[in-house]
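Visitor: I'm new to reading protein structures. Could you walk me through one, feature by feature?

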Amino acid sequence: MDNTKFRRLFTILIVLLIITFFISLSIGRYSNDPLDVLNTLFSRAGWKEGSNPIMDNIVFYVRMPRIIVSMLVGAMLSLSGAVYQGVFKNPLISPDLLGVSSGASVGAALAIMLGASLAQRQITAFLGGLLAVSITAFIPKLFKNRNNMMLVLSGIIVSGFFCSLLSIMKFVAEEQTELASIVFWQMGSMAKVLGKEIVAITPVFIICTTVLLLLSWRINILSFGDLEAKSLGMNITQIRGIIIVCASLLTASSVSISGTIGWIGLVIPHLGRLAIGTDNTKVVPITVVMGALFMLVIDTLARTVSTAEIPLSILTGFVGAPLFAYLLYKQKTLVE
Amino acid sequence: MLRKTQTSLQLKIEQVSFSYNGSEEILKSISFTVNSGQIICILGPNGIGKTTLLTCLAKLNSPTSGKILLNGEDMSLIEHRTIARNVGYVPQTIAPSFDYSVLEYVVTGLAPWLGIFEKPKEEHYQQALQALQKIGIEHIKDKPYTRISAGELQMVSIARVLAQKVQFVLMDEPTSHLDFGNQLKVLNIIKEMAKEGYGIVLTTHNPDQVLLLEGKVAVFDRERQFHFGNWSDILNDKLLKSIYGVTLKICEVEQVSRKVCIAPRIE
């Protein structure tokens with residue numbers, strides 16, 4: 001089998017991720033010297049005396065949390081995209097196109113307006129996301145139309161509706177405080193990320209990713225359609241349910257931290273398939289690492305390219321949209 | 001709970017009726033038995049319920065009344081996984097959404113034999129490869145199954161049902177979309193499978209295939225009447241007329257030393 005190819009690619013991606021991690025840790029407004037970072041790391045580890053307390057603070061409380069969260073968010077969005085595409089047997093969808101992101105946004109915005117905690121915000125985001133994906137999946141059934149495009153259209157309907165809901169909420173929100181924090185959060189920024197965000201999303205990431213890795217081969221079978229999956233003895237309702245809940249949890253958690261970040265959940269799974277093939281036992285792990293790497297690069301650019309922060313969605317759009325056009329060109333069969 | 005009344009390998013259909021959500025009955029009190037090593041062809045006009053019958057046999061649909069016994073056990077009490085270890089279903093068309101390789105597709109036939117969190121290992125890929133070898137198409141194992149011919153795709157789905165290690169195989173129009181050469185290839189494979197002990201039920205729109213396969217025949221005529229028996233006993237010009245509404249003749253052709261079913265000259 002081409003397991004060697006998979007291992008090689010996986011190792012390369014991990015190495016790239018580690019390198020990017022250190023580069024990203026080294027660049028920023030305060031200091032661009034990798035040696036400063038190394039000194040700080042070594043003194044934390046106790047291998048070196050006398051550190052610069054400002055640098056220590058910047059590395060461990062400013063840059064590090066942000067880097068970790070951006071990697072997690074990238075991994076979560078990409079993985080959920082890959083998984084949704086598999087279980088809905090439609091390579092043209094993503095968490096945003098299915099309406100999950102906007103549903104989760106409405107949930108999260110509601111929590112922000114009510115002044116709820118981060119954990120509560122994750123829960124309402126999850127409920128909103130799950131509600132949205134259920135409606136999206138229900139509409140094609142209602143019209144008895146299982147065409148790929150129908151699901152995409154249904155997603156557009158649902159996300160349009162939830163976007164309007166979000167606008168209403170912004171409209172009625174109290175201008176100085178609530179509105180400001182909703183807008184800031186929704187633009188998709190990692191700028192205010194602290195340690196508590198890591199604590200909030202890491203368990204979701206670990207649990208859902210583990211479950212999805214374990215079920216990755218079953219995603220192949222679900223992508224053949226209900227009849228075939230059932231004839232192969234699968235309990236489709238149960239397994240698909242578990243997979244959709246996990247993917248929605250991943251999307252919702254990332255939305256509750258950094259708002260809607262477009263494109264990544266659509267593009268990275270395609271890139272992963274292009275690199276390693278279609279088998280989800282390989283696509284799932286590759287997508288996780290690729291998504292983390294992609295988001296880390298994007299977020300590093302967002303905070304370093306100009307003096308002002310660039311919202312993430314702008315950058316993912318600039319990179320993702322042309323990339324997706326290229327991928328569509330490579331895989332013409334997708335839209336036929 | 002489950003009680004084994006018979007040990008022989010048998011799929012027994014007892015007084016099965018079926019309708020979709022209480023609308024008109026598609027299957028009306030149908031009974032017949034599939035034994036291992038037997039080929040049963042289902043004939044009938046379009047939309048009469050041939051596919052529905054097959055899906056009931058695989059528990060993809062549940063009969064509204066009557067029951068189906070798999071080796072003596074009531075199928076409605078058996079879980080899907082167990083059924084999938086005994087009964088394989090080859091759908092008429094597969095509509096691929098992703099370009100899995102042929103081998104990746106065939107290995108999913110082993111799904112009912114693997115734990116829910118288990119992934120296929122080297123040995124399972126070997127078994128899938130053996131199934132491809134048996135059909136004689138191992139040379140396409142690495143091709144995307146979206147980019148092979150209709151004939152190859154049909155053989156790939158038969159290979160998957162072989163990998164599934166079942167006793168009964170249900171095939172929905174296995175020769176539709178195939179050119180004549182591939183049709184005969186598939187019929188040969190089906191006959192070979194029956195010799196190895198598979199019990200096979202298939203639907204077809206070509207009554208001549210019944211004569212080629214020489215098995216039993218299950219017939220829905222246009223009045224939804226069900227007939228079942230040996231092809232040589234029940235298949236005649238009158239029954240054919242009642243199925244298709246046109247004149248068809250069964251006659252002996254010396255050159256091929258068999259009976260054939262053909263249409264008369266068009267005036």
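Guide: Happy to. Keep in mind that this is a predicted model. Let's begin with a sheet in chain B: four strands form an open sheet in the order β2-β1-β4-β5, and their pairing is antiparallel.

Visitor: Which strands of chain B stand at the edges?

Guide: Those are β2 (27–35) and β5 (73–74) of chain B. Each has a single partner strand, so one side of each is left without a neighbour in the sheet.

Visitor: And how do strands pair in general?

Guide: Strands of a sheet pair through backbone hydrogen bonds, in either a parallel or an antiparallel way. Here, β4 (residues 65–70) of chain B pairs with β5(B) in the antiparallel sense, over two bridges. Look for Leu69(B): its bridge partner in β5(B) is Asp74(B).

Visitor: What lies across β1, β2 and β4 of chain B?

Guide: That's helix α1 (residues 50–57) of chain B, which runs at about 125° to β1(B).

Visitor: Now a single residue. Is Glu24(B) buried or exposed?

Guide: Count the neighbours. Glu24(B) has 7 C-beta neighbours inside 10 Å, and 12 or fewer means exposed, so Glu24(B) counts as exposed. You'll find Glu24(B) in the loop between β1 and β2 of chain B.

Visitor: How many residues of chain A are in contact with chain B?

Guide: There are 24 of them, in contact with 25 residues of chain B. On the chain A side, α9 (216–222) and α10 (226–231) each supply at least two residues. Helix α10(A) gives the most, with four residues. By class, that side of chain A has nine nonpolar, eleven polar and four charged residues.

Definitions and conventions. Residues are numbered from 1 along each chain as its sequence is written. Chains are lettered from A and ligands numbered from 1 in the order in which they are written. This is a predicted model: local features need pLDDT of at least 70, side-chain atom pairs count only at pLDDT 80 or more; totals for chains, interfaces and linings use all residues. Two residues are in contact if their C-beta atoms, placed from the backbone, lie within 7 Å. Ala, Val, Leu, Ile, Met, Phe, Trp, Tyr, Cys and Pro count as nonpolar, Asp, Glu, Lys and Arg as charged, and the others, Gly among them, as polar. Two strands pair if DSSP finds at least two bridges between them. Axes are lines fitted to C-alpha atoms, for helices over the stretch in contact, and angles run from 0 to 180 degrees between N-to-C directions. A residue is buried if 20 or more other C-beta atoms lie within 10 Å of its own, exposed if 12 or fewer, and partly exposed in between; C-beta atoms are placed from the backbone.
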